[in-house]
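Q: Hey, can you walk me through this one? I'm new to it.

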Amino acid sequence: MLDSIDEAIVRELRKDARLQNKDLAERVNVAQSTAVVRHRALRERGVITGYHAEIDPKAVGQHVQAMLAVKIRPHTKEIVDPFMAYVLSLPETLALSHVTGPEDFLVHVAVADVGHLQRLVLDKFTSRREVTEVHTNLLFSHVRKH
């Protein structure tokens, strides 16, 4: 369970993971020493699992984003785990979700252009034996809630 101070720390770090401790303490209205101890405890408890740089795909030449809805067969742990590792190893993959419903996975990808997207789907997904269907949805825009 998170108390109101922990919730405030998490909320502020979601906005800016690079926030310096003195600024974090000020924003959540606690002493700097308290902020350090609470922040460390949140990491040790597994509430905070890491930090990352959020990159604008367009700034690195990835002008097209898509959501791939992928169905695999058989849907067993022996197939799911290696498939997930494979998809996460692809440089085009931004995020991967294992879901319920008609598809088994939603894969958020970013690529240079539509030709790159076509090659990705054909060469990296539909060519795999366990993949039975891929539905591709182009994203007009993608906004991440902070």
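**Salt bridges and a helix pair**

A: Buried means under 20% relative accessible area, exposed over 50%, and partly exposed in between, using a 1.4 Å probe and protein chains only. This is a predicted model, where local features need pLDDT of at least 70 and side-chain atom pairs count only at pLDDT 80 or more, while totals for chains, interfaces and linings use all residues. Residues are numbered from 1 along each chain as its sequence is written, and side-chain values use heavy atoms, with hydrogens and water left out.

Q: OK, which side chain does Glu-12 meet in a salt bridge?

A: That's Arg-27, at 3.4 Å from N to O. Arg-27 sits in helix α2 (residues 21-28) and Glu-12 in helix α1, so the pair ties together parts 15 residues apart in sequence. A salt bridge here is a side-chain nitrogen of Lys or Arg within 4 Å of a carboxyl oxygen of Asp or Glu. Helices (H or I, at least four residues) and strands (E, at least two) are DSSP runs, numbered from the N terminus.

Q: How many salt bridges are in the whole structure?

A: A search finds 10.

Q: What does Arg-38 pair with?

A: Asp-3, with the closest N and O atoms 2.9 Å apart. Arg-38 is in helix α3 (residues 32-44) and Asp-3 in the segment before α1 (4-15), so this pair joins parts 35 residues apart in sequence. Arg-38 is partly exposed at 22% relative accessibility, and Asp-3 is partly exposed at 33%.

Q: And what about Asp-6, buried or exposed?

A: Buried, with a relative accessible area of 5%. Asp-6 forms a salt bridge with Arg-45, the closest N and O atoms being 3.5 Å apart. That links distant parts of the chain, with Asp-6 in helix α1 and Arg-45 in the loop between α3 and β1 (64-72), 39 residues apart. Arg-45 is partly exposed, at 46%.

Q: Which residues are linked in a network of salt bridges?

A: Asp-3, Asp-6, Arg-38 and Arg-45.

Q: New topic: at what angle do α1 and α3 cross?

A: Roughly 80°, and their axes come within 10 Å. Axes are lines fitted to C-alpha atoms, for helices over the stretch in contact, with angles from 0 to 180 degrees between N-to-C directions.

Q: Which residues meet there?

A: Ile-5, Asp-6, Ile-9, Val-10 and Leu-13 in α1 meet Arg-38, His-39 and Leu-42 in α3. Contact means heavy atoms within 4.5 Å.
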